[in-house]
Amino acid sequence: MSASLKGSNSSKFQVSEFILMGFPGIHSWQHWLSFPLAILYLSAIGANILILITICQDPTLQQPMYYFLSILSVVDMGLATTIMPKILAIFWFDAKVISLPECFAQIYAIHCFVGMESGIFLCMAFDRYVAICHPLRYPSIVTNALILKATVFMVLRNGLFVIPVPVLAAQRNYCSRNEIEHCLCSNLGVTSLACDDRRPNSICQLILAWIGMGSDLGLIILSYTLILRSVLRLNSAEAAAKALSTCSSHLILILFFYTVVVVVSVTHLAEPKAPLIPVLLNVLHNIIPPSLNPIVYALRTKELRASFQKVFCLSLEKNTRHQRPSA
């Protein structure tokens, strides 16, 4: 085994680094997957940067809904960048070795960003609830100060809340194996190499997931239940359709995000005969939402599409004006 071992004062050994083997069962041709993954990563970064530039430059988008969307874009880029550079380095440069501190830091960052994404979805659901159920009070409730407080709360909540996950993983005794059949440092994948009992880690992750993301999902469901009840009371079918259309993009992303979270969790707990499936789902769950979120919003939000065209046309006009004198 290519493990790097260091002796301790006892008769046990502690590994000093992990080796990320990539996708289990397809090591010989997994490098071909780097190309679609690289395209997804570049599209995620490019699309989210475009969202941020458009919202910053167009005054008509200086609204709470788009502020939350810009925060979501930052979180998405952070989540994708947490895993993709290392995955591409594994496939392209065979850089499979990762130190224990780097591995536990990646576990922390993944849990932190996924929790923040869930929290931002909750903030966006609350924004739509106030806009539809209490439209007259919307400007006085959803203020810039509230957005700032909600963002700071979500950062602190998830930044502090997930600390026990990597801390408990670091306290395990890794005395023999150090090859992780994964492309990234997942909590369950890392702790499965531990020589001692890893049940505290699994229980801790389950409890934190239920308290954090479970409460977010419960409040999101409550918000949309109240929204649906309010919409059904409207006398005009056109007004009801317009109200629901403002929520459609958000609902699509929420359904995708939480469905994949549940599927990934179930496949890991079930320990399937084909270990490739949970690993692949885990990677895709961390890269598809960052690339999907801006596309869904761009396709389904008329104001955002119009702003894209306006900003793009303005940039073309500026470039044309700069080029004319030199012609």
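Valine 162 sits in the loop that links α5 (144-161) to α6 (164-170); helices (H or I, at least four residues) and strands (E, at least two) are DSSP runs numbered from the N terminus. The model is predicted: local features need pLDDT of at least 70 and side-chain atom pairs count only at pLDDT 80 or more, while totals for chains, interfaces and linings use all residues. Residues are numbered from 1 along each chain as its sequence is written, and side-chain values use heavy atoms, with hydrogens and water left out.

Valine 162 has a relative accessible area of 7% and is therefore buried. The term buried denotes under 20% relative accessible area, exposed over 50%, and partly exposed the range in between (1.4 Å probe, protein chains only). Not counting residues up to four places away in sequence, valine 162 touches Tyr108, His111, Cys112 and Leu208, where contact means heavy atoms within 4.5 Å.

## Overall composition

The chain contains 11 helices and 5 strands. Of its 327 residues, 45% count as buried. Among the contacts with a separation of 6 or more, 77% join residues 24 or more positions apart.

The chain exposes about 17,000 Å², of which carbon and sulfur atoms supply 69%. Accessible areas come from the Shrake-Rupley method with a 1.4 Å probe, and for residues only the protein chains shown count as cover.

## The nonpolar core

The largest nonpolar core has 82 residues, of which Phe18, Ile87, Tyr174 and Val190 touch the most other members. Such a core is a set of buried Ala, Val, Leu, Ile, Met, Phe, Trp, Tyr and Cys residues joined through side-chain atoms within 4.5 Å.

With residues up to four places away in sequence not counted, phenylalanine 18 touches Lys96, Val97, Ile98, Leu100, Cys103, Phe104, Tyr174, Asn178, Ile180, Val190 and Leu193.

## Packing of α2 against α10

The axes of helix α2 (residues 64-93) and helix α10 (residues 276-300) come within 9 Å and cross at roughly 145 degrees. The contact involves Leu69, Leu72, Asp76, Leu79, Ala80, Ile83, Met84 and Ile87 of α2, together with Val283, Asn286, Ile287, Pro289, Pro290, Asn293 and Tyr297 of α10. By class, these residues comprise 12 nonpolar, 2 polar and 1 charged. Here Ala, Val, Leu, Ile, Met, Phe, Trp, Tyr, Cys and Pro count as nonpolar, Asp, Glu, Lys and Arg as charged, and the others, Gly among them, as polar.

Axes are lines fitted to C-alpha atoms, for helices over the stretch in contact, and angles run from 0 to 180 degrees between N-to-C directions. The crossing of α2 and α10 is left-handed, a term used if the near helix is turned anticlockwise from the far one by less than a right angle, with right-handed used if clockwise.

## The loop between α2 and β4

Aspartate 94 belongs to the loop between α2 and β4 (97-99). Its phi is near 60 degrees, a positive value in a residue other than glycine. Aspartate 94 counts as exposed because its relative accessibility is 53%.

Lysine 96 is placed in the loop between α2 and β4. Lysine 96 is partly exposed, its relative accessible area being 22%. Leaving out residues up to four places away in sequence, lysine 96 touches Phe18, Ile19, Leu20, Met21, Lys86 and Ile90. Lysine 96 and methionine 21 are 75 residues apart in sequence, yet 6.5 Å apart in space, C-alpha to C-alpha.

Glutamine 106, in helix α3 (residues 100-133), is buried because its relative accessible area is 6%. Beyond its neighbours within four places in sequence, glutamine 106 is in contact with Thr82, Ile83, Lys86, Leu184 and Cys185.

Threonine 301 occupies the loop between α10 and α11 and counts as buried at 8% relative accessibility. Threonine 301 touches Tyr66 and Ser249, not counting residues up to four places away in sequence. The C-alpha atoms of threonine 301 and threonine 246, 55 residues apart along the chain, are separated by 7.6 Å. Serine 307, in helix α11 (residues 302-323), counts as buried at 2% relative accessibility. Its contacts, neighbours within four places in sequence aside, are with Thr54, Asp58, Thr60 and Leu61.
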